[in-house]
Amino acid sequence: MTQKLKIDIVSDVVCPWCTIGYKRLEKAIIELGIQDKVDIEWQPFELNPNMPVDGQNLDEHITEKYGSTPEQQKDSKLMMTEAGEELDFTFDYFDEMRMVNTFDAHVLLEYAKDFGKQTELKMCLTTAFFSERKDVSKRDILKQALLAVGLNADEGMAKLDNENARKEVRTKQDYWKSLGVNSVPTMVFNRKSAVTGAQPVATFKQVLTELLKEQQTV
């Protein structure tokens, strides 16, 4: 049996381009019919590791962090919304939307990995944030997500107060930063090569085809 192509996706739950990038990658994988030839693992990255518990108004946050004008933000949201529509994903931006802390979400994604539910939970959380106006830093929302994907909610939620589980996420974050990953999404193939950003479906198809071909000749 040929070894699977390992894809590490370094991303954050509240990163719109991470969602678009993954959905495009997923589309490329499906169109190539290689679902059984790739193995995806999500890696933690916090866009805003110092985000307070109460979060921050999204527009204020973007202005403060990137210096974007209201007009630039409006154009950016429209671009992301349209990109999402092409991929059957809904970006529902609203005036009171808040950027929130995502560390706990990453702890649960690590927990979900042991049960093969990482991608399912990732999409459940990102859908909750972008499509359902839910605060993914709140424990009741996180618990709902665990239940929605069929995981043991009590066991998963206990991880949030487990220092070893929290330390593991911090260690992984530091590892990817030490490799120079400072923007997301970053998709790493077999821990050898990487693609950053939400590339077009055609680009992902080309990269995947070349890597799988290369893997078969090794």
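Mentor: Let us begin with a pair of helices: the crossing of α4 and α6 is right-handed. This is a predicted model, in which local features need pLDDT of at least 70 and side-chain atom pairs count only at pLDDT 80 or more, while totals for chains, interfaces and linings use all residues. Residues are numbered from 1 along each chain as its sequence is written, and side-chain values use heavy atoms, with hydrogens and water left out.

Trainee: What makes the crossing of α4 and α6 right-handed, and what counts as a helix here?

Mentor: A crossing is right-handed if the near helix is turned clockwise from the far one by less than a right angle, and left-handed if anticlockwise; the crossing of α4 and α6 falls under the clockwise case. Helices (H or I, at least four residues) and strands (E, at least two) are DSSP runs, numbered from the N terminus.

Trainee: Why is α4 called roughly parallel to α6?

Mentor: The axes of α4 (residues 103–113) and α6 (residues 139–148) come within 11 Å and cross at roughly 20 degrees, where axes are lines fitted to C-alpha atoms, for helices over the stretch in contact, and angles run from 0 to 180 degrees between N-to-C directions. Angles under 35 degrees count as roughly parallel, over 145 as roughly antiparallel, 65 to 115 as roughly perpendicular and the rest as oblique, so α4 is roughly parallel to α6. Asp104, Ala105, Leu108 and Tyr111 of α4 meet Arg139, Leu142 and Leu146 of α6, contact meaning heavy atoms within 4.5 Å.

Trainee: What makes Cys15 and Cys18 a disulfide?

Mentor: Their sulfur atoms are 2.4 Å apart, and a disulfide is a pair of cysteine sulfur atoms within 2.5 Å, so the pair of Cys15 and Cys18 qualifies. The link is right-handed, with 85 degrees about the S-S bond. Cys124, by contrast, is in no disulfide, since the nearest cysteine sulfur, that of Cys18, is 17 Å away.

Trainee: Are these cysteines, Cys15 and Cys18, buried or exposed, and what is Cys124 called?

Mentor: Buried means under 20% relative accessible area, exposed over 50%, and partly exposed in between (1.4 Å probe, protein chains only). Both Cys15 and Cys18 are buried, whereas Cys124, at 23%, is partly exposed.

Trainee: How do you know which strands pair in the sheet?

Mentor: Two strands pair if DSSP finds at least two bridges between them. β1 (residues 5–11) is joined to β2 by 7 bridges and runs parallel to it, while 4 bridges join β1 to β5, an antiparallel pair, and 4 bridges join β5 to β6, also antiparallel. The 4 strands form an open sheet in the order β2-β1-β5-β6, with mixed pairing. β2 (38–44) and β6 (193–196) stand at the edges, each with a single partner strand, so one side of each is left without a neighbour in the sheet.

Trainee: Which residues stand opposite each other across these pairs?

Mentor: Lys6 stands opposite Asp39 in β2, Ile7 opposite Phe189 in β5, and Met187 opposite Val195 in β6. Within β5, Thr186 and Val188 point one way and Met187 and Phe189 the other, and all are buried.
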